[in-house]
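This report describes selected features of a single model. Please consult the sequence and the structure shown here while reading.

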Amino acid sequence: MHDLTILKYLAGPVIGAIIGYFTNYLAVKMLFRPRHPKVLFGKQLPFTPGAIPKGKDRLAKAAGTIVAENLVTEADLTDRLLSPAMTEAVTDKVMETMDADLETSLVALTRSPESYHALKAKAAAGLTDQVISAVSDMGIEAILTNKVGDAIRTWAMGSMLGMFLSDKKIDAITEQMGEKVREFIDDHGREYIRPAVDRKLDQLEAASPTALLEQAEVDREALRGMIGDLYRRLVKAGVSSLTGKIDIAGIIEDKINGMAVEDLEVMVLQVMKKELDTIVNLGALIGLILGLVNLLINYFL
């Protein structure tokens, strides 16, 4: 009889705890389940699908708006990118790249040895054409007529040969020489100039960009400072432009809408499983407390 009395008093709190536990457990499960609408006799059953699958579109839009307006703002991105650690890391990486020989740096920039060598050959051809064009624009005929003609006159002056070389004959000779030289440059200039250009480019690519700048008396620390300043200017100018062009809210909304309900459930549970378990256990605790309160009320009344 005594045992039955104790059982009678304990039954209320225990049943309350069990009801509270399973009520909250069911509520948590109904956040995700059922994952899809259930239809009976042509009509969709209430509470199907679960709260999160049913409100997936609204959740996606709200999450995108919250992240874009409060979590990933232009100021946040700028502050993170301009932090001393980030600026130092970027500067170190740029300096590391510039310390390599120019060929390695440019190959890394083009991401293809074939592309780099094609660009190098194109640059060499362009420089060769520029040299030939510059020589052609010098007016080689006029230079030979004036300079070589003057040299011949000086050499022949006062000699027997000078009596037979009039200025007209000397000019005719030098003009003909100039024409021949110009023809030779036009026809064979590339054969002589291109190898010289290639050798010069080979010498340049064997040196590092920092070594070339140091030859120009640019101090290494000053170079680091310039790189850091350039990075900061690019970030300040670029973040505003990027955030204006990148629809962060839209990206997040599309990502969530594109997720399967199962994947969305896994993601939420990875983040909030401990909190959801606490809610379920809290239901049991509240049920137990209510059962005890009811027991005390019945006892005193």
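## Arg 224

Why does Arg 224 count as buried? Arg 224 has 18% relative accessibility and therefore counts as buried, a term that means under 20% relative accessible area, with exposed over 50% and partly exposed in between (1.4 Å probe, protein chains only). Arg 224 lies in helix H12 (residues 220-245); helices (H or I, at least four residues) and strands (E, at least two) are DSSP runs, numbered from the N terminus. Leaving aside residues up to four places away in sequence, Arg 224 touches Glu 88, Thr 91, Asp 92 and Met 95, where contact means heavy atoms within 4.5 Å.

## Basis of the model

The model is predicted: local features need pLDDT of at least 70, side-chain atom pairs count only at pLDDT 80 or more, and totals for chains, interfaces and linings use all residues. Residues are numbered from 1 along each chain as its sequence is written, and side-chain values use heavy atoms, with hydrogens and water left out.

## Val 293

Helix H14 (residues 261-300) contains Val 293. With a relative accessible area of 38%, Val 293 is partly exposed. The C-alpha atom of Val 293 is separated by 9.6 Å from that of Gly 12, although the two residues are 281 residues apart along the chain.

## A cis peptide bond

Pro 34 is placed in the loop between helix H1 (2-32) and strand E1 (39-40). The peptide bond leading from Arg 33 to Pro 34 is cis, with omega near -10 degrees. In general, most peptide bonds are trans.
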